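Please work through the exercises below with the sequence and the coordinates at hand, and try each task before reading its solution.

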Amino acid sequence: MTLVRRIWADILDLPAVDIGPDDTFLSLGGDSILAVRTAALVRRRAGAVLALSDVRVENTLAEFATAVATRAPASGAASVPDLEVTPRPDPRAAFPLLPLQQGYFVGQQDAWELSYASAHHYLDFALRDVDADEAPEALRDALYRLMIHQPMLRARITADGRQHILDPDDPDAIVAPTVYDWRDADPEEARLRVGELRERMRHHGPDPQTGPGIDVRLSLLPGGRARIHSATSLLLIDGWSSGLLYRDLLAFAADWNAVPAPLDVDFGDYATALAALPATPRWIADRDWWWRRLSQLPQPPALPLAVQPDAVAEPVMTSRESRLSPARWQALRDLCRSHAVTPSSAALAAYTVALARMAGHRRFLVGSLQLGRLPLHPDVHRMIGPFSTTVPLAIELDARTTLAEAARSTGEHLGRALAHNLVSGVEIGRELARRRGTTRPVAPVVFQSTLGVDAAMGSAVPEDAGPLGAVDLKDHHQELRTPQVALEARLYEARDELVIGMSAVEELFAPAALDALFTHFTSLVAALAEPEGWQVEHSLPQPLDPTDDPAAPRLHARARTVVRTAGGLPRDALEQAIADAWRTVLGLPEHEPIDRATDFFATGGDSLLAVRMLAMLARTGVGRVPPRAFLTAPTVAALAEAVRTASAEREDEHEPLR
């Protein structure tokens, strides 16, 4: 127990003598993000690989120490996925996409509802007292060193859904920042130009399928001011990675001689190791746990829509933002500790209460974005990469509930789900969609919290960036473009303030409805800063799943219309070529016949394999069909007919005018 007490003391910045065996990690100020960092330290110092269920914030020191002893190497515990992350023989070799990467990749193919040409995060923030003569070169040098240090910033995605890392000497590997010199503009013109740049970058982000996955720009403004603008692909960089990126980028800009400790492994090594995860007893146990519960999972909240998701013309997400002052944010944290819940659980409770009021029912499914970094190597938490995963949360609120009760309930739901999250939400969603016979996203309403990241990383973003001047994170702007997500709430810290954000596909909803939801959500979060706010009783609608009412579009999964096709063996060479492609991507035996009327997804296919199969047909000259057309009737016979139709249309386009 002594070693674990010292680890807790280091993580929580507390004297070891003040930590007793019955103290919980949560009561001492810990949260889920710090718990993950604790697991990494345990692996490094004790050689024990912890399961996610071992690092729950509700655990006492004694319970945590028991888990560490159980997972120690000498115990031979077999239920933990003790995968070894080692350097690959060829660091430039292709490696697989992780599940959430696959979801983002598919979401960029203009096939599924709410697709985007680029899935990315946009951020700009203010700089003061900038040395305009030195700043561009300082930023250029900092970005160069960062891209050398972090291999995933040089990654590319192939058309069939794989990834590889470019060598630093590759002429396409390293990008330089773009610099705009608007120092001579009047303040209003400078403001307009910044706004125009922001609009361009939030709409058109980097795509590692066609080039770099990061785009960094610097706008020099009047009065010694400037802004850093960045757009980062979600295929390569997650929320934790964003923190690493800006910390290191600004630290490099401040110090030309800064040299970080080298990384012994890269994300490709990690992803390659995880390829063995589905064969481990722990992964199989987690999958079985989820599969037993799939039939009980509810629909997403049936939020009232202005249009159906498949009718959205341009799925652009817009953001709303509110803040709590440092004093109120501290008060909220103190009250969370007294109620034995994390701030993230409390905020999730507020979100679900607001959603229940808007949707008209109190039983629904919400997706929760989580770190997903398994502590398989000491460098995992130092690497930029897309480690994040999603966890589906089945929310069922009482008819009359307080935020204190809802926070405890949602925290328990989240804790149980996280104890079984070796199987990702993407994999769970695919199986759920297959059983429901739908291609619509099953969890398009999302919650994410990065509260505690600064503490878990051990430092905040630097305030002094050398020639780039003083960093003012309170003056910042963020936008998200997350495929297959209609509505997303997120919480994070900017210096000592709490930021509450909500992004939504604006075209889906009536603007007044989104404004009302955000106002309600933020007012409930703000109420958590007062003792009485936890005890106010909220009346909520009945826990009934919604029915599909065509007259009033709602956000929930509908079964896909099945197109009936005569079955049997392929009837011609085109159908046979398509069947052969299916057999290849699905890994079916050569002798196994494929019925021309069989549904691709019922045969074991998923969205990534569908994109890969269509890419194979185009690459081998069989034919090119848009993914959206394939989804309407995913059979060999229907796909063959779509190939013929597309070929005829292309011939008509090239027919000379008479």
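The exercises that follow treat strand pairing, a helix and a helix pair.

The model is predicted, so local features need pLDDT of at least 70 and side-chain atom pairs count only at pLDDT 80 or more, while totals for chains, interfaces and linings use all residues. Residues are numbered from 1 along each chain as its sequence is written, and side-chain values use heavy atoms, with hydrogens and water left out.

**Exercise 1.** Determine which strands pair with strand β7 (residues 225-233), and in which sense.

Solution. Strands here are DSSP runs of E with at least two residues, helices are runs of H or I with at least four residues, and both are numbered from the N terminus; two strands pair if DSSP finds at least two bridges between them.
- Strand β2 (residues 120-128) pairs with β7 in the antiparallel sense over eight bridges, and Y122 stands opposite A231 of β7.
- Strand β6 (residues 214-221) also pairs with β7 in the antiparallel sense, over eight bridges, with L220 opposite A226.
- Between β6 and β7 lie three residues that complete a hairpin, and in this turn G223 has a positive phi of about 75°.
- Eight of the nine residues of β7 are buried, so the strand is largely enclosed by the rest of the structure; buried means under 20% relative accessible area (1.4 Å probe, protein chains only).

**Exercise 2.** Check whether the span of helix α11 (residues 343-359) agrees with its number of residues.

Solution. The expected span is 1.5 Å times one less than the number of residues.
- For the 17 residues of α11 this rule gives 24 Å, and the end C-alpha atoms are 24 Å apart, which agrees.
- As for covering, 16 of the 17 residues of α11 are buried.
- After the helix comes G360, with a positive phi near 90°.

**Exercise 3.** Describe how helix α4 (residues 99-106) packs against helix α17 (residues 607-619).

Solution. Two packed helices are described by the angle between their axes and the distance between the axes.
- Axes are lines fitted to C-alpha atoms over the stretch in contact, and angles run from 0 to 180 degrees between N-to-C directions.
- For α4 and α17 the angle is about 50° and the axes are 9 Å apart.
- Angles under 35 degrees count as roughly parallel, over 145 as roughly antiparallel, 65 to 115 as roughly perpendicular and the rest as oblique; α4 and α17 are therefore oblique to each other.
- The contact (heavy atoms within 4.5 Å) is made by Q102, F105 and V106 of α4 together with S607, L608 and V611 of α17.

Conventions
Buried < 20%, exposed > 50% of the residue type's maximum accessible area, 1.4 Å probe, protein only.
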